[in-house]
Amino acid sequence: MMLLLELFWSFVKIGFTSFGGLSMIPLISSEMLSHGWMTASEVSDIVAIAEMTPGPLGLNCATFAGMRAAGVLGAFIANMGALAPTFTICAAAAIFFEHFKENKRLAQIMTGVRPACVGMVAGIVIQLALVNYSDVNSKIHVPSLILGVVDLILLLKFKISIPVVILFSAAVGVIMFGVMGV
């Protein structure tokens, strides 16, 4: 029971202190690692799975993290925790919507919040890159780095869809790491 309460509270904190999408990843990573529910590698895997799965990234991460920590009930509790702040804020915003619409202070606050979110996303990109592009000895794993660069080129230059790039990378990964043992 205590695990479920901790899981719920962790995702309530994540929901209240992030702004959805990628900005949730640093907080999810921090909570999962601090409670010992996952390793950095497992968090990286969950983010990858959540990105490929239909639906909002935050809820997908909550589902997978909750499932990993406490099974199906944990997934449900983590989602309720992640959604509780949204429901609360939406209800409050609906009541005061007309007031917020013209509020200059709110516009000023958002001017400061946006760069903070960009910084958080940059930080997690670096953290995930260190996990994904290094081997067990914390040395840069060149084949993984090359594959990442190829993926980026496929996405940006050739505009290949994300699912196709993921399938391509999975196939290359199986060949490189499974068959060739790189």
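Let me begin with a definition: accessible areas come from the Shrake-Rupley method with a 1.4 Å probe, and for residues only the protein chains shown count as cover. On that basis, the accessible surface of the chain comes to about 11300 Å², and 74% of this belongs to carbon and sulfur atoms.

This is a predicted model, in which local features need pLDDT of at least 70 and side-chain atom pairs count only at pLDDT 80 or more, while totals for chains, interfaces and linings use all residues. Residues are numbered from 1 along each chain as its sequence is written, and side-chain values use heavy atoms, with hydrogens and water left out.

The secondary structure comprises seven helices and zero strands; here helices (H or I, at least four residues) and strands (E, at least two) are DSSP runs, numbered from the N terminus. The C-alpha atoms fill a box of roughly 60 × 45 × 30 Å, taken along the principal axes. Of the 182 residues, 30% count as buried, where buried means under 20% relative accessible area, exposed means over 50%, and partly exposed lies in between. Contact means heavy atoms within 4.5 Å. Among contacts between residues at least 6 apart in sequence, 52% join residues at least 24 apart.

I turn now to the interior. In soluble globular proteins, nonpolar side chains tend to be buried together. A nonpolar core is defined here as a set of buried Ala, Val, Leu, Ile, Met, Phe, Trp, Tyr and Cys residues joined through side-chain atoms within 4.5 Å. The largest such core has 22 residues, of which Phe11, Ile28, Met32 and Cys61 touch the most other members. Two or more residues come from each of α1 (2-17), α2 (25-35), α3, α4 and α5 (104-132), and α4 gives the most, with seven residues. Leaving aside neighbours within four places in sequence, Met32 is in contact with Phe11, Trp37, Met38, Val43 and Ala65. Phe11 is also among the buried residues of α1, together with Leu4, Leu7, Ser10, Val12, Ile14 and Gly15.

How many salt bridges does a search of the whole structure find? The search finds two, a salt bridge being a side-chain nitrogen of Lys or Arg within 4 Å of a carboxyl oxygen of Asp or Glu. One joins Lys13 to Glu31, with the closest N and O atoms 3.3 Å apart. Lys13 lies in helix α1 and Glu31 in helix α2, so this pair ties together parts 18 residues apart in sequence. Lys13 is partly exposed at 32% relative accessible area, whereas Glu31 counts as buried at 12%. The other salt bridge is between the side chains of Glu42 and Arg68, at 2.7 Å from N to O. Because Glu42 lies in helix α3 and Arg68 in helix α4, this pair ties together parts 26 residues apart in sequence. Both are partly exposed, Glu42 at 23% and Arg68 at 45%.

Finally, the exterior. Pro54 is placed in the loop between α3 (40-52) and α4 (57-101), and is exposed, with a relative accessible area of 74%. Pro54 and Tyr133 are 79 residues apart in sequence and 26 Å apart in space, C-alpha to C-alpha. Phe168, in helix α7 (residues 162-179), is partly exposed at 35% relative accessible area.

How values were computed
Buried means under 20% relative accessible area, exposed over 50%, partly exposed in between (1.4 Å probe, protein chains only).
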